[in-house]
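Here is a friendly walk through one model, with the cut-offs stated along the way. Have the viewer open as you read.

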Amino acid sequence: MEEVKIIGAGLAGSEAALQLAKRGIKVKLYEMRPKKTTGAHVGEDCAEFVCSNSLGSLDITNASGLLKKEMEILGGELIKIALENSVPAGNALAIAREDFAKEVTKRINENPNIELIREEITEIPEGNVIIASGPLTSDKLAQSLLEFTKSEHLHFFDAIAPIVEVDSINFDKAFWGARYDKGEASYINCPMNKEEYENFYNILINAPRIEQHQVDKNSKFFESCLPVEVLASRGVDTLRFGPMKPVGLVDKRTGIVNYAVVQLRQDNAAKTLFNLVGFQTNLKWGAQKELVQSIPGLENANIVRYGVMHRNTFINSPKVLNPTLEAKDRKGLFFAGQLTGTEGYTESIATGMLSGINMAKRIMNEEPIVLPEVTILGALTRYITNPMHLESKHQLQPTNSNWAIIPPIDLPKHERKNKKLKNELLSKRSLDTLLSFNF
């Protein structure tokens, strides 16, 4: 049987490799780390989580939660490993990132059908290929992609939040809790009064940032991963209605309704590291330290990893790809992950799964599947490959799973504002369709 070359052993590439391997197809999985670094990764294991350690909601009436359920139905591999390596995060799926990556690497190394090769690929290989090199694709491979796609690359910026040691947090001020006491009290909450918030805000908006290269200054941010300083620039109360919203978070020791709250989420299985939720940043490291330590409870916080910002690359998928994730101009060449214009960990894994399934079908002389548009993954792949985005006014921007890309459902007039009912019906329609779909 023919073999497959997969470029990139991140979330998408690792999932694609495991999908092919369990179907008896030989895989050469190429990963340039640790010989060549990306500037954002810190280890050399496969499937490393770079920014947040959260895959988002598990609730199937949430678009992200529904996508996870669809992956389970379709036989996703990394979603199972993620559940096995989860850490408490309320109704979200957060993982112990090091344990998860080590387990994925172990399964890849132990699989007789996968050969993991630590080598940079600088050109698109011949034969059956899945390119899952991610948003941090090396410059040489990016140039090869540029030549293949015959179009300019598109870019957006992403940022990483700081991580602190839990033992350095002052729990005389910080408290454990979940919003509205839903689920386990797994978040650390640092409350602020009005004066403390205004002091924090003034430090933030006046803090020096790391200067972008001139070539990058016209690139865009992905809206759901905006640096905290960019959010703050939109107005003094923006953070209080965003990542620092205090609603539903009351310290039972005081009963005080806070003006703002900074939340921290568990980052490793040992519960020794926590990341600042929504605090992606491009501030200089000295300024980050001053800002973090201005937060009540974090006055002496030991920052084990500072936030950084990096440029992400994605191809012009409407021009290049079919909804199967196969290239329009070359059979047997598939793309997966954030390189396609999808955004988010769950979405990367899902597109890796779909590209692996469809590559296997291509090799076995079967027609690659196009998932129904009423499913989240089907809607997502159709959205990123929609020719509408070739028009300048509708230019493709990275997107994650959301209800807006799903065909609407018709509700009686008196129920049209019932968001809960609408999401439940959209979810049921998706799962019913997928369970009856021949894949």
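## The parallel sheet

Lysine 28 has glutamate 115 in β6 as its bridge partner. This is a predicted model, in which local features need pLDDT of at least 70 and side-chain atom pairs count only at pLDDT 80 or more, while totals for chains, interfaces and linings use all residues. Residues are numbered from 1 along each chain as its sequence is written, and side-chain values use heavy atoms, with hydrogens and water left out. Helices (H or I, at least four residues) and strands (E, at least two) are DSSP runs, numbered from the N terminus.

Strand β2 (residues 27–31) pairs with β6 in the parallel sense, over five bridges; two strands pair if DSSP finds at least two bridges between them. Which strands make up the open sheet with parallel pairing, and in what order? There are five, ordered β6-β2-β1-β7-β17. At the edges sit β6 (114–118) and β17 (333–335), each pairing on one side only. On average, neighbouring strands of this sheet are turned by 20° against each other, direction ignored. Axes here are lines fitted to C-alpha atoms, for helices over the stretch in contact, and angles run from 0 to 180 degrees between N-to-C directions.

Across β1 (4–7), β7 (129–131) and β17 lies helix α10 (residues 345–363), which runs at about 170° to β17.

## The antiparallel sheet

An open sheet of six strands has antiparallel pairing and the order β10-β11-β13-β14-β9-β15. Its edge strands are β10 (175–177) and β15 (303–305), and each pairs on one side only. From one strand to the next, the twist averages 40°.

Within this sheet, look at strand β9 (residues 163–165) and strand β14 (residues 273–276), which pair in the antiparallel sense over three bridges. Glutamate 165 stands opposite leucine 273 in β14.

## Helix α2 and its two partners

How do the axes of helix α2 (residues 63–74) and helix α12 (residues 419–435) cross? They come within 11 Å and cross at roughly 10°. That makes α2 roughly parallel to α12; angles under 35 degrees count as roughly parallel, over 145 as roughly antiparallel, 65 to 115 as roughly perpendicular and the rest as oblique. The crossing of α2 past α12 is right-handed. A crossing is left-handed if the near helix is turned anticlockwise from the far one by less than a right angle, and right-handed if clockwise. On the α2 side, the contact (heavy atoms within 4.5 Å) is made by Leu66, Lys69, Glu70, Ile73 and Leu74, and on the α12 side by Ser427, Ser430, Leu431, Leu434 and Leu435. Six of the contact residues are nonpolar, two polar and two charged. In this grouping, Ala, Val, Leu, Ile, Met, Phe, Trp, Tyr, Cys and Pro count as nonpolar, Asp, Glu, Lys and Arg as charged, and the others, Gly among them, as polar.

With α10, α2 packs at an angle of about 30°, the axes being 10 Å apart. That makes α2 roughly parallel to α10, and α2 passes α10 in a left-handed crossing. Here Ser64, Leu67, Lys68, Met71 and Leu74 of α2 meet Thr346, Glu347, Ile349, Ala350, Met353 and Ile357 of α10. This contact has seven nonpolar, two polar and two charged residues.

## Helix α10 against α11

The axes of α10 and helix α11 (residues 376–384) are 11 Å apart, and the helices pack at an angle of about 85°. They are therefore roughly perpendicular to each other. From α10, Glu347, Ala350, Thr351, Met353 and Leu354 meet Leu377, Leu380 and Thr381 in α11. By class, five residues of this contact are nonpolar, two polar and one charged.

## Rings and backbone details

The structure holds nine aromatic pairs. Among them, phenylalanine 49 and phenylalanine 100 are edge-to-face, at 5.1 Å centre to centre and 85° between the planes. Phenylalanine 49 lies in the loop between β2 and β3 (54–57) and phenylalanine 100 in helix α4 (residues 97–110), so the pair ties together parts that are 51 residues apart in sequence. Rings of Phe, Tyr and Trp (its six-membered ring) pair if their centres lie within 6.5 Å; planes under 30 degrees apart count as stacked, over 60 as edge-to-face and the rest as tilted.

Most residues other than glycine have a negative phi, and most peptide bonds are trans. The peptide bond from arginine 33 to proline 34 is cis, with omega near 5°, and proline 34 lies in the loop between β2 and β3. Tyrosine 180, in the loop between β10 and β11 (187–192), has a positive phi near 60°.
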